[in-house]
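The sequence and structure are shown below.

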Amino acid sequence: MQGIERGLRVLEAVAESQPVGVGELSRTLQLPKSTVQRTLQALASAGWIRSDGSEYTRWKLTSRALAVGRRGWDKGDLRTVALEPMRELRDLTNETITLQVRDGAERVVQIERMDSHQAVRTFIKVGSTWQLPHTSGGMAIMARLPNDEVDRILSSPIQQLTPQTDTDPESIRKKIEEIRRVGYAVNVNQNRMGVCAVGAAVLGEGGCPVGGIGISMPETRFDENRVPWWGKQVADTAANVSSLL
């Protein structure tokens with residue numbers, strides 16, 4: 001079981017940073033290079049990753065891994081249902097719109113993105129994963145969960161991605177209470193410096209949060225005075241998508 005968990009961690013790290021070398025993976029995962037190398041070779045033999053052919057071997061996902069991922073994204077048809085509402089929200093705000101879904105109990109994975117038409121815009125790779133508190137969509141999802149599940153999520157350490165990442169469970173709980181009050185979450189430099197977002201949760205059967213839609217923008221265009229308007233637009237879009245599921 002430990003070997004399977006390690007293999008999945010390495011596969012996720014490759015997906016996050018591809019193409020990526022052994023040294024970077026070793027530092028990111030805090031595992032010995034020899035362990036990472038053995039795991040990479042096993043994943044390559046199984047057809048999940050391949051070398052990019054560079055002088056210093058770097059690894060990337062194969063079409064097999066991408067195909068499995070896409071089949072997962074289409075579950076419940078969330079991505080298909082969300083495409084047109086996301087496009088409308090992008091055209092309304094002229095900012096990049098993201099769609100994330102829960103990836104296990106404690107993480108989200110980005111499955112779609114509608115890019116802003118502006119020359120300066122944020123870029124978040126489809127397939128990127130984060131802990132729930134790292135994104136506006138993830139925080140919006142947490143706000144729709146019962147408190148005991150929130151407590152379980154916050155019992156695991158929150159990775160410090162930037163100097164402004166909030167890793168304090170009590171502070172995060174206070175933010176969740178505010179999200180429950182206003183209906184949307186705000187992220188300022190939590191997972192990348194210079195990137196801000198406003199997000200809301202998409203609800204599935206029984207009101208269970210299944211994803212999060214976010215309006216993502218460079219910090220240079222983030223205006224506190226516009227947050228309530230952004231919040232209403234993204235909350236309305238998330239509610240629209242929820243009604244279509």
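## Helices H7 and H8

Asn-147, Val-150, Asp-151 and Leu-154 of H7 are in contact with Pro-169, Ile-172, Arg-173, Ile-176, Glu-177 and Arg-180 of H8. By class, the residues of this contact comprise five nonpolar, one polar and four charged. The model is a predicted one.

Helix H7 spans residues 147–154 and helix H8 residues 169–182; the two pack at an angle of about 145°, and their axes are 11 Å apart. The crossing of H7 and H8 is right-handed.

## Helices H5 and H9

Helix H5 covers residues 78–93 and helix H9 residues 227–244; their axes cross at roughly 155° and come within 9 Å. H5 is therefore roughly antiparallel to H9, since angles over 145 degrees are assigned to that category. The crossing of H5 and H9 is right-handed.

On the H5 side, the contact is made by Leu-78, Val-81, Ala-82, Pro-85, Leu-89, Leu-92 and Thr-93. H9 contributes Trp-229, Trp-230, Gln-233, Val-234, Thr-237, Asn-240, Val-241 and Leu-244. The contact of H5 with H9 has 11 nonpolar residues, four polar residues and no charged residues.

## Nonpolar cores

The largest nonpolar core holds 25 residues, of which Ile-97, Leu-99, Ile-213, Ile-215, Trp-230, Val-234 and Val-241 touch the most other members. At least two residues of this core come from each of H5, strand S3 (96–103), strand S4 (107–114), strand S7 (195–203), strand S8 (209–218) and H9. Another core, of 20 residues, lies apart from it, with Leu-132, Ala-140, Met-142 and Leu-203 among its members.

The surroundings of Ile-213 can be listed individually. With residues up to four places away in sequence not counted, Ile-213 touches Leu-89, Ile-97, Thr-98, Leu-99, Val-198, Gly-199, Ala-200, Val-202, Val-234, Thr-237, Ala-238 and Val-241.

## Helices H2 and H3

Helix H2 (residues 22–29) packs against helix H3 (residues 33–45) at an angle of about 115°, with the axes 9 Å apart. H2 is therefore roughly perpendicular to H3, as the range for that category runs from 65 to 115 degrees. The crossing of H2 and H3 is right-handed.

Val-22, Gly-23, Leu-25 and Ser-26 of H2 meet Lys-33, Val-36, Gln-37 and Leu-40 of H3. The contact of H2 with H3 includes four nonpolar, three polar and one charged residues by class.

Arg-90 is located in helix H5. Is Arg-90 buried or exposed? Arg-90 is buried, because its relative accessible area is 10%, and buried means under 20%. Apart from neighbours within four places in sequence, Arg-90 is in contact with Glu-95, Ile-97, Met-114, Asp-115, Ser-116 and His-117.

Phe-123 lies in the loop between S4 and strand S5 (129–131). Its relative accessible area is 49%, so Phe-123 is partly exposed. Phe-123 touches Arg-113 and Arg-192, with residues up to four places away in sequence not counted. The C-alpha atoms of Phe-123 and Gly-21 are separated by 22 Å, and these residues are 102 residues apart along the chain.

Key: Residues numbered from 1 in each chain as written. Predicted model: local features only at pLDDT ≥ 70, side-chain atom pairs only at ≥ 80, totals over all residues. Heavy atoms only, no water. Axes fitted to C-alpha atoms, helices over the stretch in contact; angles between N-to-C directions. Helix = DSSP H or I, 4+ residues; strand = E, 2+ residues; numbered from the N terminus. Parallel < 35°, antiparallel > 145°, perpendicular 65-115°, else oblique. Left-handed = near helix turned anticlockwise from the far one by under 90°. Contact = heavy atoms within 4.5 Å. Nonpolar A, V, L, I, M, F, W, Y, C, P; charged D, E, K, R; others polar. Core = buried A, V, L, I, M, F, W, Y, C linked by side-chain atoms within 4.5 Å. Buried < 20%, exposed > 50% of the residue type's maximum accessible area, 1.4 Å probe, protein only.
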